[in-house]
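Have the sequence and the 3D view open as you read.

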Amino acid sequence: MSKEIAEMTNEILDGQGYVMLSDLITTKEATEARQLVLDLAEQDRKEDKLIVQEKKERLYGLIYKADIFAKMAQNESLLSIVDAIIGKDAILGGFSAHILHPGAKSMGIHVDYPYWAMPAPFPKYPVLELQVIWLMEDFTANNGAPFFAAGTQNWASQPNKWQFKAIAKRITGKAGSAIISHGLCWHDTSDNNSDRPRVSLLGNYTPQYIHPLENNLFDYQPEAMENAPPRLKKLLRHNLMPKSKPTHGMRFMH
């Protein structure tokens with residue numbers, strides 16, 4: 001393990017609970033992927049496949065729809081941290097786009113799945129989830145950038161809104177970057193007070209014994225996996241996939 005990976009791993013486990021990795025993809029790639037998400041969302045909206053909650057939307061099945069999404073899900077820098085914390089048998093329990101339209105309000109303070117599906121107090125070890133928030137555009141003070149409460153992963157408890165307000169900080173950054181965080185670190189989106197949708201991609205990495213957050217067969221396209229690298233197939237549990245094409249049954253919360 002490199003010194004840099006070791007330092008980021010320690011920061012996630014015992015420090016502030018999250019790190020920002022800059023320039024994982026180019027600004028051009030992020031811009032193109034953002035527009036693709038909006039185009040796909042428009043198509044799914046017409047087909048009544050889009051998950052909508054007020055002015056927030058969630059889009060699934062991305063990995064089967066464009067190479068850029070598969071590239072992001074198996075980014076080597078991110079997987080180095082996932083491997084160091086969860087292990088090389090980690091799976092991708094979820095990978096979706098999150099669209100905050102203008103006027104969207106915060107989601108609410110939370111920990112990530114599977115912790116929010118469990119009774120507190122939560123086990124701090126083994127780590128049951130790492131979340132990756134991909135910035136498809138610059139995250140700013142007025143377009144819904146997330147708040148994180150540093151160190152709260154060490155408390156392994158349900159979020160407390162008063163404690164959260166006292167210590168949480170808004171995390172801004174440049175398009176093409178990603179935030180990787182401990183699933184126990186309290187966080188929330190902020191309001192999108194800008195005049196355009198704010199788009200992020202959310203990756204949920206867990207040990208393989210955790211029931212996945214999302215149905216990874218939603219919009220499954222066999223041809224997209226035919227020449228996929230072994231690591232991506234493993235992340236998606238491709239060798240366990242049934243042949244039938246399922247309907248979605250996603251959870252909106254992340």
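Is Arg 45 buried or partly exposed? With 33% relative accessibility, Arg 45 counts as partly exposed; here buried means under 20% relative accessible area, exposed over 50%, and partly exposed in between (1.4 Å probe, protein chains only). Before going on, note that this is a predicted model, where local features need pLDDT of at least 70, side-chain atom pairs count only at pLDDT 80 or more, and totals for chains, interfaces and linings use all residues. Residues are numbered from 1 along each chain as its sequence is written, and side-chain values use heavy atoms, leaving out hydrogens and water.

Arg 45 pairs up with Glu 42 in a salt bridge (2.4 Å, N to O), that is, a side-chain nitrogen of Lys or Arg within 4 Å of a carboxyl oxygen of Asp or Glu. Both sit in helix H2 (residues 27-46), three residues apart, about one turn of the helix. Helices (H or I, at least four residues) and strands (E, at least two) are DSSP runs, numbered from the N terminus.

Lys 124 and Asp 14 form another, at 3.2 Å, N to O. Lys 124 is in the loop between strand E4 (91-100) and E5 while Asp 14 is in helix H1, so the pair ties together parts 110 residues apart in sequence.

Now look at H1 itself. Its buried residues are Ile 5, Met 8, Thr 9, Ile 12 and Leu 13. On the other side, Lys 3 and Glu 4 are exposed.
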